[in-house]
Amino acid sequence: MSDNIIRFEELPSTNDYLKEKAQEGLPAWTAVLANGQSQGRGKRGRNFFSPRGSGLYMSVLLRELPLSPDSIMLTSLAALAVVQAIEEVVYVSPAIKWVNDLYLNNKKVAGILTEAVASPQSGKLDSVVIGLGVNLYPPEEGFPEELNSSAGTLLSRKPEGLDLSDRLAQAFLKNLHYVIECKDRMRLLRTYRERSLLIGHKVLLRDGNSECRGLAAGINESGCLLLKIGTGELRSFNCGDVSLLA
């Protein structure tokens with residue numbers, strides 16, 4: 001494989017940059033890395049704190065996928081690729097909080113944002129940008145007060161003379177290639193489920209104005225979360241915000 005990696009000191013958003021360039025014919029597997037983001041964002045347009053020098057902020061352009069560009073499985077596979085990359089480079093094992101967050105020691109350490117891109121000619125979804133934000137080290141000035149209790153980092157401090165962001169980016173690209181092209185999707189799903197933060201726990205799922213409480217019973221072949229509710233009924237969800245219940 002030959003990956004084209006474009007590096008910036010800072011961007012408003014690596015996803016936004018790559019979505020714009022995708023419509024100009026940028027080749028598949030182009031990756032964009034920024035040392036910081038001024039307008040980093042996550043699911044539902046939420047801000048993702050992206051201070052310079054303390055994390056990995058990158059986006060990857062995918063085309064001609066074996067999955068639909070708007071499939072929830074793409075985010076699930078990307079999450080698995082991130083976990084495997086972190087295990088290889090940083091030697092810690094975060095858990096996946098369905099569908100797009102990674103947690104370590106009960107704190108969020110990474111987020112994934114998958115966005116489909118429409119062809120300017122046909123208007124059809126023809127490519128995908130997968131964005132990744134990983135909190136590698138504590139920011140020099142600390143996290144904002146509103147994130148102190150929820151945000152974490154993979155390492156307690158930056159190793160002397162070593163920045164792991166580029167190595168982690170390369171490992172993510174390698175693992176993303178593998179999970180996207182792998183034909184044994186059931187094996188990947190088993191591995192994904194083993195890394196799940198939710199399965200076997202009682203959770204609250206919010207989607208807009210609706211709420212559902214139940215036992216996280218699994219992840220199905222489409223990447224949907226399965227909840228067993230009080231009546232014993234098994235319901236599947238392809239979106240929503242989930243939190244663990246005590």
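A: Let's start with strand 2 (residues 30-34) and strand 3: 4 bridges join them, and the two run antiparallel. (Two strands pair if DSSP finds at least two bridges between them; strands are DSSP E runs of at least two residues, helices are H or I runs of at least four, and both are numbered from the N terminus.) To find one of these bridges in the picture, look for Ala34, whose partner in strand 3 is Tyr57.

Before going on, keep in mind that this is a predicted model, where local features need pLDDT of at least 70 and side-chain atom pairs count only at pLDDT 80 or more, while totals for chains, interfaces and linings use all residues. Residues are numbered from 1 along each chain as its sequence is written, and side-chain values use heavy atoms, with hydrogens and water left out.

(Buried means under 20% relative accessible area, exposed means over 50%, and partly exposed is in between, using a 1.4 Å probe and protein chains only.)

Is Ser54 buried or exposed? Its relative accessible area is 5%, so Ser54 counts as buried. Setting aside neighbours within four places in sequence, Ser54 is in contact with Val134, Asn135, Leu136, Tyr137, Pro138 and Pro139. (Contact means heavy atoms within 4.5 Å.)

Now back to Val60, and what does it touch? Not counting residues up to four places away in sequence, the list is Leu18, Trp29, Thr30, Ala31, Val128, Val129, Ile130, Phe172, Leu173 and Leu176. Val60 also belongs to the largest nonpolar core, which has 64 residues. (A nonpolar core is a set of buried Ala, Val, Leu, Ile, Met, Phe, Trp, Tyr and Cys residues joined through side-chain atoms within 4.5 Å.) The residues with the most contacts inside that core are Met58, Val60, Trp98, Phe172, Leu176 and Leu225. Helix 2 (residues 72-89) gives the most to this core, with 13 residues. There is also a second, separate core of 9 residues, and it includes Ala22, Val32, Val117 and Val129. As background, nonpolar side chains tend to be buried together in soluble globular proteins.

Leu18 leads us to helix 1 (residues 14-22), where Thr14, Asn15, Leu18 and Ala22 are buried. These residues cover an arc of only 95° around the axis, so they sit on the same side of helix 1. (The arc is that of the directions from the helix axis to the C-beta atoms.) And what covers them? Strand 3 is part of the cover, and strand 2, strand 6 (107-118) and strand 7 are also included.

Trp98, one of the core residues with the most contacts, has something else for you to look at: a cis peptide bond joins Trp98 and Val99, with omega about 5°. Val99 is in the loop between strand 4 (95-97) and strand 5 (101-104). For context, most peptide bonds are trans, and most residues other than glycine have a negative phi.

Tyr91, in the loop between helix 2 and strand 4, has a positive phi of about 65° although it is not a glycine. Tyr91 counts as exposed because its relative accessibility is 66%. Asn106 is found in the loop between strand 5 and strand 6, and its phi is also positive, near 65°. With a relative accessible area of 71%, Asn106 is exposed.

Methods
The arc is that of the directions from the helix axis to the C-beta atoms.
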